[in-house]
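Please read the numbered points below alongside the sequence and the three-dimensional view.

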Amino acid sequence: MTAAMALPTHAQDKDATVSIATDQGERTVPQSPETVVVYDLATIDTLDGLGVAIDGVPAAPYPAHLADYAEDGTAKVGTLFEPDFEAVNALAPDLVITGGRSRSQTEALSDIATTIDMSVDPANYLESAMDRIRALGTIFGKADAANEAIETLQASITALNEEAEGAGKGLIVLTTGNRISAFGPGSRFGVLHTGFGIEAADPGLDTGNHGEAVSHEYIAKTDPDWLFVIDRDAAIGRGSAAALLDNELVRGTKAWTNGRVVYLDAANWYLAGSGLQSMQKSVDQIREALRKGSS
């Protein structure tokens, strides 16, 4: 699928535009926009990896590799859910980018400047994520860099799939407070199975955005070979899931017994999961975990 195609305009023309695919269909946007506001952390992750400057970002928790955006050096334009429209107006952006948590604000922000929704489709996660990265590369004149990074990522994903074959079945859970939710293929975190090759311990889980609420008993009954944990509270700086899972029922699973409980980098998965850098870091972490768990 072609993610983006330049219209027949001159690269030197300040009014040049490109047509790109977004989550809400084809959109025409400024080419190489000078002032950019981004509300989607995955997009911030990708643009940071491509070396694109961003002028306005939300006040939000950020993964460690994006921590600079939490500082005062970059203008704050509200939160992931609630834009500060006055702050956006003051920046007079050429382009605003939403996605994920901020997608519902796309129309309102369009009253200020060209705004595009770069959300990723959970049911078609990897292809959708790659399309978004290519489109961003096209918009900002970084197509070659984007394609090179995608090639590296795809090679890593291919290697991960090979290493995951025969490694056993996995279950991915998100913990927050005293609650546990499990996610299966086609869900928000289902790329673990559909993209990265880990066989699902329970392929019948709800594909809703919040997963399916489960218990310690469920984990014991499912008895995965691998338990992958996303600690939401750690991602937003509020604690740890270790105590919640240190339960007699969970300790009896094959995953726990064999040292195959993997605490994923929660900020990468929960905050900026489909970003170029976050995906590469996630693939690298799982590959390292599989190596250690099989030794």
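**Notes on helix packing, aromatic pairs and one serine**

1. Helix α5 (residues 143-164) packs with helix α13 (residues 276-294) at an angle of about 25°, and their axes are 10 Å apart. Because angles under 35 degrees count as roughly parallel, α5 is described as roughly parallel to α13. The model in which this packing is seen is a predicted one.

2. The crossing of α5 past α13 is left-handed. On the α5 side, the residues in contact are A149, T152, L153, S156, I157, A159, L160, E163 and A164.

3. The next topic is the aromatic rings. Five aromatic pairs are found when the whole structure is searched. One of these is formed by F196 and W269, with 6.2 Å from centre to centre and 85° between the planes, an edge-to-face arrangement. The pair links distant parts of the chain, its members being 73 residues apart. F196 is in the loop between α6 (191-194) and β11 (199-200), while W269 belongs to helix α12 (residues 266-270).

4. F196 and W269 are both buried. A further pair is made by W226 and F228, whose ring centres are 6.1 Å apart; their planes meet at 15°, so this pair is stacked. The cut-off behind that label is that planes under 30 degrees apart count as stacked.

5. Are W226 and F228 buried or exposed? W226 has a relative accessible area of 2% and is therefore buried. F228 is likewise counted as buried, because its relative accessibility is 0%.

6. Why is S128 classed as buried? Its relative accessible area is 7%, and buried means under 20%. Leaving aside residues up to four places away in sequence, S128 touches S119, V120 and D121.

Technical notes
Residues numbered from 1 in each chain as written. Predicted model: local features only at pLDDT ≥ 70, side-chain atom pairs only at ≥ 80, totals over all residues. Heavy atoms only, no water. Buried < 20%, exposed > 50% of the residue type's maximum accessible area, 1.4 Å probe, protein only. Contact = heavy atoms within 4.5 Å. Axes fitted to C-alpha atoms, helices over the stretch in contact; angles between N-to-C directions. Helix = DSSP H or I, 4+ residues; strand = E, 2+ residues; numbered from the N terminus. Parallel < 35°, antiparallel > 145°, perpendicular 65-115°, else oblique. Left-handed = near helix turned anticlockwise from the far one by under 90°. Phe/Tyr/Trp six-rings, centres within 6.5 Å; stacked < 30°, edge-to-face > 60°.
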